[in-house]
Amino acid sequence: MSTTEPSLKHNLKTTQDVEKLQNLLEILIQDIVIDHKNETLVPSSTLNQIKLDVDRSFNYIENATNKSLYKSLLKNTLNKVFEIKPKWFYYQGYHDIVAFFLYQLTYIENGTVQFKKCDNDRLLLYIIVFTENFLKDFMTKDLNNAMVYLNFIPKILKKYNMYNYQIFKNKPFYGSIANIITLFTHNISQQNIPIRLKIMSYLLESKNISFILVFYTKLISHFKLKIEERVLNNSDSGNDPLVLQSLINTLITDELDKIDLNELEKLLKESFDDMNSPKIQNIFKYSYENNGLLINFDYKREKIILKNTLLVAVNMIMLKKMTPDITSPYTFAGTVLTINNIHRLIRYYTLRYLK
Amino acid sequence: MSDADDNQYNYDYDLLYKLVLIGDSGVGKSNLLSRYSNNDFQINSKSTIGVEFATKAVKVDGKIIKAQIWDTAGQERYRAITKAYYRGAVGALIVYDITNTKTYENCSDWLNILSTNLENNDIVIGLIGNKKDLQHQRSVPIEEAQEFARNNQLLFTETSALSNENVEKAFTQLITTIYENSKHQTGIETLTKNNNGSIDAGNTVSLTKNNKEKKSSSSGECC
């Protein structure tokens with residue numbers, strides 16, 4: 001936790017990054033209005049959990065009065081979100097994200113909370129629309145969707161040629177959960193706020209929550225040498241994936257807090273580009289686990305099936321025209337390609353059927 | 001049994017015990033762990049999201065036991081994730097808040113969750129009534145909790161992570177009981193370190209590491 005007093009805070013909070021964040025939120029909420037007609041009372045169990053988490057928020061603010069004002073704002077905002085959206089379920093960690101937005105888009109003056117270029121209702125709108133677009137998958141009755149997200153991390157790691165992929169193969173990357181579902185807002189301090197602001201802005205620009213998965217994996221790839229040195233080649237860590245994942249997560253979280261902002265910008269940009277590259281897109285495209293989730297990218301499933309069926313058909317025609325000699329490198333390569341495409345198609349159909 | 005409050009044993013150990021801390025949100029699990037592993041208490045603690053872990057080594061019967069302690073999120077919705085961490089656990093502490101009856105009542109549920117998610121029935125379980133320093137707000141009578149523990153064959157301690165009362169005792173009691181059980185019952189699942197430094201599940205086997213494997217720097221400590 002930071003020991004820096006918020007005298008520095010005001011400067012940090014009025015940076016271009018905050019303005020950029022707010023501009024992106026403005027774009028996101030364009031033409032959207034809050035529908036209050038389904039408002040209902042929030043269940044007491046949710047209110048109790050919110051209270052517990054709010055009490056443990058804003059630890060980076062030292063001024064007790066300011067901290068108390070922010071906590072009150074957070075509690076009221078969270079309660080309001082769940083009154084307006086009664087079908088959403090609160091999860092621990094959501095409060096970290098909301099606290100982040102509140103802290104960035106408000107300030108304290110004369111003992112009251114002031115809003116930056118917005119008012120309380122607009123701030124609420126930012127949060128609700130942001131949640132709808134990026135966090136809705138976690139607001140369900142259980143966190144099974146989060147497990148689906150964590151399952152994608154080893155798959156993306158494989159695309160980054162991380163040789164330790166085998167350790168995590170077919171296992172959700174549980175160790176990443178805190179950073180993924182809080183969008184890196186769980187361990188905020190006065191020092192790392194500029195870093196978290198940049199991450200949040202890039203996420204908003206990316207328009208897809210999968211950005212966080214790609215960025216998380218990019219961090220693992222970026223700190224690969226340190227991970228090898230301190231975790232993977234350290235006999236004390238053993239080979240328990242859960243231990244390794246936790247240690248890797250701790251390492252990248254610590255390193256992220258120390259990262260140079262230019263280096264961070266570069267990593268974020270690379271993650272943004274990677275997210276839109278075919279190599280990463282194919283992971284999400286050819287999975288049925290993410291069907292109906294925000295990481296689905298609005299793929300036209302039928303179009304993918306049609307495209308792959310055609311691909312297999314073309315493969316088969318080409319194979320027929322080739323010499324029926326498997327020792328020929330062309331025939332061999334063609335056969336492998338065809339089998340691979342058929343396999344992919346069968347898997348795709350099977351997953352759809354099972355779903 | 002001698003307590004080891006220094007961390008020198010973390011680099012070299014004979015046995016590895018995986019322990020889990022479970023219980024409702026806000027009962028003080030994270031502070032119990034930080035008090036035990038680092039003698040630290042955070043007034044401004046934050047919610048645990050998912051799972052965190054810390055290690056501490058203790059000496060029992062001349063053997064160095066490394067306790068790998070997993071601190072889990074208390075909110076019910078995290079159970080799908082936290083239960084993945086129960087696998088291989090040889091000990092568990094179910095924590096409640098002595099000032100909050102609901103957290104005590106939910107201990108039966110936690111016990112059921114443990115029993116349905118564990119492969120190892122020989123697990124040693126302790127019931128911990130935390131926040132003992134708040135006597136004036138007590139709502140769970142100690143006798144009732146003791147009775148519950150007796151009926152369910154649980155160890156029982158009331159602790160205060162804030163005042164550091166009985167914290168060491170609670171963990172030590174758990175670890176010693178696991179050790180004693182493993183001495184008398186062959187087959188209890190503990191984790192031992194093999195010669196390659198990797199961790200395997202298996203029977204309790206004493207191991208003496210080669211000098212070259214000894215570490216000069218710390219790793220695997222609190223996340």
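This is a predicted model: local features need pLDDT of at least 70, side-chain atom pairs count only at pLDDT 80 or more; totals for chains, interfaces and linings use all residues.

Me: OK, switching to chain A by itself. What's the overall makeup?

Reply: Chain A has 17 helices and 2 strands. Its C-alpha atoms fill a box of roughly 85 × 55 × 35 Å along the principal axes. Of its 355 residues, 54% are buried. Looking at contacts in chain A with a separation of 6 or more, 75% join residues 24 or more positions apart.

Me: What domains does chain A get?

Reply: The assignment gives domain 1 (8–138), domain 2 (144–179 + 198–290) and domain 3 (301–353).

Me: How far apart are the C-alpha centres of domain 1 and domain 2 of chain A?

Reply: They lie 27 Å apart. The contact takes 13 residues from domain 1 of chain A and 12 residues from domain 2 of chain A. Those two domains bury about 1,200 Å² between them, 72% of it on carbon and sulfur atoms.

Me: How many salt bridges between those two domains?

Reply: The rule finds 2 across the interface of domain 1 and domain 2 of chain A. It also finds 4 residue pairs in polar contact there, both at pLDDT 80 or more.

Me: Which helices form the domain 1 side?

Reply: In chain A, helix H2 (16–29), helix H5 (94–105) and H6 each supply at least two residues of the side of domain 1 that touches domain 2. H2(A) gives the most to that side, with 6 residues.

Me: While we're in chain A, what do the side chains of Lys198(A) and Asp17(A) do?

Reply: They meet in a salt bridge, at 3.4 Å from N to O.

Me: Now the packing. Which residues have the most contacts inside the largest nonpolar core?

Reply: Phe82(A), Tyr94(A), Phe130(A), Phe215(A) and Leu127(B), in a core of 136 residues. Helix H6 (residues 120–135) of chain A contributes the largest share, 10 residues.

Me: Where does that core lie relative to domain 1 and domain 2 of chain A?

Reply: Between them, because both domain 1 (8–138) and domain 2 (144–179 + 198–290) of chain A give residues to this core. There's also a second, separate core of 28 residues, and Val27(B), Val95(B), Val124(B) and Phe171(B) are among them.

Me: What does Phe130(A) touch?

Reply: Leaving out residues up to four places away in sequence, its contacts include Leu25(A), Ile97(A), Phe101(A), Leu183(A) and Met200(A).

Me: Last one: is Asn79(A) buried or exposed?

Reply: Asn79(A) counts as buried because its relative accessibility is 15%, and the cut-off for buried is under 20%. Asn79(A) is found in helix H4 (residues 64–84) of chain A. Beyond residues up to four places away in sequence, Asn79(A) touches Val42(A), Leu47(A) and Ile50(A).

Notes: Residues are numbered from 1 along each chain as its sequence is written. Chains are lettered from A and ligands numbered from 1 in the order in which they are written. Side-chain values use heavy atoms; hydrogens and water are left out. A nonpolar core is a set of buried Ala, Val, Leu, Ile, Met, Phe, Trp, Tyr and Cys residues joined through side-chain atoms within 4.5 Å. Buried means under 20% relative accessible area, exposed over 50%, partly exposed in between (1.4 Å probe, protein chains only). Helices (H or I, at least four residues) and strands (E, at least two) are DSSP runs, numbered from the N terminus. Domain bounds come from an automatic or database domain assignment. Contact means heavy atoms within 4.5 Å. Buried area is the accessible area (1.4 Å probe) that two parts lose on being put together, summed over both. A salt bridge is a side-chain nitrogen of Lys or Arg within 4 Å of a carboxyl oxygen of Asp or Glu. A polar contact is a pair of N or O atoms within 3.5 Å; within protein, one must be able to donate a hydrogen and the other to accept it, and residues adjacent in sequence count only if both atoms are side-chain atoms.
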